[in-house]
Amino acid sequence: MSIVVTGGAGFIGSAVVRRLAGEGRSVVNLDALTYAGNLESLAAVSGSPAYAFEHVDICDADAVNEAFERHRPSAVLHLAAESHVDRSIDGPGAFVRTNLLGTFNLLQAARRHYEHLGTKERGSFRFVHVSTDEVFGSLGETGAFTPETPYQPHSPYSATKAGSDHLARAWHDTYGLPVIVTNCSNNYGPYQFPEKLIPLITLSAQHGRRLPVYGKGSNVRDWLFVEDHVDGILAAAANGEPGETYLFGGGAERRNIDVVRTICSVLDSERPDPAGPHERLIEFVKDRPGHDFRYAVDASASTARLGWRPRHSFETGIRETVRWYLDNGDWCEHVQSGKYRGERLGSVVTG
Ligand code: NAD
């Protein structure tokens with residue numbers, strides 16, 4: 001039996017797959033290879049006997065069922081999603097399709113599979129639904145999300161993720177599927193598609209392009225290094241309680257403008273630009289519609305119940321990340337070729 005990871009060619013999913021296959025644990029990656037999925041991110045493990053790839057769209061129920069029959073998962077780690085807020089503003093349909101319909105198909109396939117397992121295998125089977133802290137909506141200057149915080153999503157991305165969380169919990173409560181939901185703050189690290197803030201700013205600054213910052217850059221996010229998120233997902237799968245929710249966050253709240261300035265200062269030391277400090281490229285642009293002001297996560301319950309805590313500080317993680325993008329220009333070039341070239345997305349303005 002194998003661990004099935006959906007979205008294993010994406011940013012976080014590929015980190016999960018590299019970790020599992022690297023430890024010699026049998027892992028099957030189910031991925032449709034959308035613009036955000038790239039098998040180059042798995043080059044380190046693609047030759048491993050522990051790793052298998054299934055080119056499957058989770059919206060295709062038959063294909064999902066067939067993959068489950070072939071691989072008989074001992075656990076499902078569900079990460080496949082449309083994940084970029086700005087794209088969800090431009091084209092919400094794909095988010096409804098993958099995040100809601102795709103999650104429904106997976107839950108149904110998992111339920112069918114689970115009902116045919118023996119008693120021992122049922123006891124250890126888990127369906128870990130990986131979600132975001134954005135489902136909770138926006139915070140003011142103080143406070144932090146906990147597993148009890150009511151949902152109040154604002155973007156098509158967070159609304160469809162919220163809906164998928166509700167589906168996952170309903171399959172636990174109604175059908176007894178051993179579902180665990182995790183909600184995590186913003187991730188950063190190697191292999192993130194360069195449309196997201198940290199890789200976008202790093203690559204733009206490296207190439208002397210302007211650095212667009214929404215509004216005044218005062219929106220606050222809590223940043224978690226991707227390997228720490230992988231620790232959390234695997235801890236939840238191994239030691240989490242079915243029906244429970246676990247929150248992960250980096251305890252590293254930063255205003256967007258401060259994240260951008262930090263990247264600029266790392267670049268100033270790693271790749272000094274004779275034209276001047278990279279901060280000169282910062283340009284404030286019209287804000288994203290419905291832009292949540294602040295997210296913050298209280299992960300103390302996950303620390304108490306799973307023994308999980310982040311291992312990386314923002315300062316070490318961001319330096320490692322910027323260096324990775326500087327050293328992996330080929331990956332950045334390949335994943336963007338013909339697909340995304342750093343243009344502004346999600347600028348539809350309401351009202
Ligand atoms: P990503 O966009 O980098 O990767 C998504 C992956 O899913 C890609 O490989 C893509 O090909 C695949 N995919 C998309 N639609 C699919 C479909 N219909 N069928 C099969 N595969 C499909 O996303 P990510 O940043 O790695 O996020 C992974 C998960 O973690 C998502 O569920 C996201 O909501 C959640 N999450 C992300 C963050 C973050 O900061 N990135 C934070 C918290 C939670």
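Which residues have the most contacts inside the largest nonpolar core? They are V5, V16, L20, L77, L79 and I233, in a core of 41 residues.

## Basis of the model

This is a predicted model, in which local features need pLDDT of at least 70 and side-chain atom pairs count only at pLDDT 80 or more, while totals for chains, interfaces and linings use all residues. Residues are numbered from 1 along each chain as its sequence is written, and side-chain values use heavy atoms, with hydrogens and water left out.

## Overall fold

The chain holds twelve helices and twelve strands; these are DSSP runs numbered from the N terminus, with helices being H or I of at least four residues and strands E of at least two. The radius of gyration is 20 Å, which agrees with the value near 20 Å for a compact globule of 351 residues. That radius is taken over C-alpha atoms, and the globule rule is 2.2 Å times the number of residues to the power 0.38. The C-alpha trace spans about 65 × 45 × 40 Å along its principal axes.

Of contacts between residues at least 6 apart in sequence, 80% join residues at least 24 apart; contact means heavy atoms within 4.5 Å. Of the 351 residues, 55% count as buried. Buried means under 20% relative accessible area, exposed over 50%, and partly exposed in between (1.4 Å probe, protein chains only).

## Nonpolar cores

A nonpolar core is a set of buried Ala, Val, Leu, Ile, Met, Phe, Trp, Tyr and Cys residues joined through side-chain atoms within 4.5 Å. In the largest core, of 41 residues, at least two residues each come from strand 1 (3–6), helix 1 (11–22), strand 5 (126–132), strand 6 (179–184), helix 8 (226–239) and strand 10 (245–248). A second, separate core has 24 residues, including I58, L107, W171 and V179.

Beyond its neighbours within four places in sequence, L77 is in contact with I3, V4, V5, T6, V16, L20, V128, I233, L234 and A237. In soluble globular proteins, nonpolar side chains tend to be buried together.

## Helix 7 and its cover

Eight of the ten residues of helix 7 (197–206) are buried: I198, P199, L200, I201, T202, L203, S204 and A205. Their cover includes strand 7 (186–188), strand 8 (211–214), strand 9 (220–225), helix 9 (256–270), helix 11 (314–327) and helix 12 (329–336). Just after helix 7, G208 takes a positive phi of about 70°.

## Loop residues

Most residues other than glycine have a negative phi. L33 has a positive value, near 55°, and sits in the loop between strand 2 (27–31) and strand 3 (51–55). Because its relative accessibility is 27%, L33 counts as partly exposed. Y191 also has a positive phi, of about 70°, and lies in the loop between strand 7 and helix 7. At 19% relative accessibility, Y191 counts as buried.

G249 is placed in the loop between strand 10 and strand 11 (253–255). Its relative accessibility is 5%, so G249 counts as buried. Not counting residues up to four places away in sequence, G249 touches S185, D222, L224, V297, A299, W308 and P310.
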